[in-house]
Amino acid sequence: MSEITFQDLSLAEPIQRALLAKGYTVPSPIQAQAIPVLLEGHDLLACAQTGTGKTAAFALPILDAFARNPRKPFRRGVRCLILTPTRELAVQVTESFKTYGEGLGLKIGMVFGGVSEKPQIKALYGGLDVLVATVGRLLDLKQQGHVDISQVDTFILDEADRMLDMGFIRDIRKIAAAIPQQRQTLLFSATMAPEITELANSLLHHPKEIRIAPQGTTAEKIDQHVCFVKKADKPDLLLKLVQAHQAASSTKELSLIFSRTKHGAKNLAKKLCSAGIEADSLHGNKSQNARQKTLDQYKRGDVRVLVATDVAARGIDVKNITLVINFDLPMESDAYVHRIGRTARAGESGRALSFCSEDEVALLRQVEKLIKRSVPVYPHDWHAAQIEQHHTSGAPAQKPKQGGGGGGNRPPRGGGRQGGGPRRGGSSGGRPQSDRAPQGGFQKAANGQRSNRSRGRS
Ligand code: AMP
């Protein structure tokens, strides 16, 4: 097993400088494997877990090509088109391109829905080297003639699984049909569901395949537990856990709570606020600007607790999230992997606690099947032994109805054991043993710098 550095990848000088400024010295496994393949011009199908450094894996070789072969953007034209499922991810990808591409003088822009089209139209007018877009807004602007994608030579689908989940398959096909056949195409997905393979077969040309984290593998450094709890007790338990986390952690550490519904997210944030915890919510009912404002405040640590729905949480890349709570278990187990991947970003460690009420037993079983291990139980004052018993007994369990989660009915009250921590087994309640070696993340080198063991292509 050799360990390569960014210097070994021979990226253009300004990119090397930008990486150094960012403090990146060693490529993550996805970067070590994808960058050489992309520099050679291959199409790529990559199954990479969130937090593995996949953005730089595609951004760096694209920027390198621009650095070596600068071309003047043409009116309303775009050379490299990146599709993302959400605005949040679009912002994050754009920021990464700007950071890594600093000094290259490229025109990098983004378009997404929910905000005025005017500034986007203006930015598109002179042409762009790189455009990061959400699907709907891109099609709107294209139909109005504000963007010309007929000369795109690099096409990237980021978090393709999510785009399919969100029902964008037709729109993706429309966009793909409008760009030249002769192009380099990259498809990144957290999972390799059959629909993804089907999409890849139709869009990619003899792609190289890279699988960094096999389907369902959860980040090694995440301390995962399940809390069996009655639905009505969930708000009390949540409050205790958040209070305990805040008391035990530095002011920089953040918690992220997932609710199944928009309404539930809003209510939970309100309940936490009324209990004296600064919290905000992130969900699809908020305007794009309000979402961005909330996210910025959260990133700065002005608000340490965020309650989010799955769609809104997509693309959140905040380093200091050390606790993720699934107030409701997700309906789709893939979302579990994605949700808990919001903590332990870039090699840090983190904890994920999932609440499981009687009607969520089927969802927990689904998650355990996907991640191929059982999630250890987290003891707490509201522990519902009968739900745990139902879970372990293997007796039939029904999935809850869609939209039935979130919020709880009662405001959290004080009471309960101080701290809300585990009753036995120390603060971690026993770190769950992974059945796999870490595959996609960053490792800290002995000298404190980030390091990664690069692996040969599997
Ligand atoms: P991503 O999977 O692209 O969302 O990246 C996850 C996080 O890892 C981001 O915060 C990146 O800034 C960070 N990151 C990406 N590549 C590296 C690297 N080679 N070394 C250290 N951190 C990195």
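Figure 1. Two strands are said to pair here if DSSP finds at least two bridges between them. Helices (H or I, at least four residues) and strands (E, at least two) are DSSP runs, numbered from the N terminus. Resting on the sheet is helix 2 (residues 29-39), which touches strand 1 and strand 7. The direction of helix 2 makes about 175° with that of strand 1. For such values, axes are lines fitted to C-alpha atoms, for helices over the stretch in contact, and angles run from 0 to 180 degrees between N-to-C directions. Touching is judged by contact: two residues qualify if their C-beta atoms, placed from the backbone, lie within 7 Å.

A word on reading these views: residues are numbered from 1 along each chain as its sequence is written. Because this is a predicted model, local features need pLDDT of at least 70 and side-chain atom pairs count only at pLDDT 80 or more, while totals for chains, interfaces and linings use all residues.

Figure 2. Stepping back, you can follow seven strands through an open sheet in the order 3-4-2-5-6-1-7, with parallel pairing. Strand 3 (108-111) and strand 7 (208-211) stand at the edges with a single partner strand each, so one side of each is left without a neighbour in the sheet. On average, neighbouring strands of this sheet are turned by 15° against each other, direction ignored.

**Figure 3. Helix 6 and the face it hides.** Which residues of helix 6 (residues 135-143) are buried? They are Val-135, Arg-137, Leu-138, Leu-141 and Lys-142. Seen down the axis of helix 6, these buried residues fall within an arc of 170°, so they line one face of the helix. The arc is that of the directions from the helix axis to the C-beta atoms. As background, an α-helix has 3.6 residues a turn, so residues three or four places apart point the same way. A residue counts as buried if 20 or more other C-beta atoms lie within 10 Å of its own, as exposed if 12 or fewer do, and as partly exposed in between, with C-beta atoms placed from the backbone. The cover over the buried residues of helix 6 includes strand 2 (78-84), strand 3, helix 5 (118-125), strand 4 (128-134), helix 7 (160-165) and helix 8 (169-178). After helix 6 comes Gly-145, whose phi is positive, near 80°.

**Figure 4. Strand 9, covered on both faces.** Five of the five residues of strand 9 (residues 254-258) are buried. Leu-254, Leu-256 and Phe-258 point one way from the strand, while Ser-255 and Ile-257 point the other way. Strand 9 pairs in the parallel sense with strand 12 (residues 321-326) over five bridges, and Ile-257 has Ile-325 of strand 12 as its bridge partner. Strand 9 also pairs in the parallel sense with strand 11 (residues 305-308), over four bridges. There, the bridge partner of Phe-258 is Ala-308.

Figure 5. Six strands, in the order 8-13-12-9-11-10, form an open sheet with parallel pairing. At its edges you will find strand 8 (222-228) and strand 10 (279-282), each pairing on one side only. From one strand to the next, the twist averages 20°. Helix 11 (residues 262-274) packs on this sheet and touches strand 9, strand 10 and strand 11. The direction of helix 11 makes about 175° with that of strand 10.

Figure 6. How do helix 14 (residues 333-340) and helix 15 (residues 361-371) pack? Their angle is about 70°, and their axes lie 8 Å apart. That makes helix 14 roughly perpendicular to helix 15, a label given to angles of 65 to 115 degrees. Helix 14 contributes Ser-333, Tyr-336 and Val-337 to the contact, and helix 15 contributes Gln-366, Val-367, Leu-370 and Ile-371.

**Figure 7. Gly-394 in its loop.** Look for Gly-394 in the loop between helix 16 (385-393) and strand 14 (443-444). Gly-394 is exposed, with 8 other C-beta atoms within 10 Å. Although Gly-394 and Ala-362 are 32 residues apart along the chain, their C-alpha atoms are separated by 9.6 Å.

Note on methods. Parallel < 35°, antiparallel > 145°, perpendicular 65-115°, else oblique.
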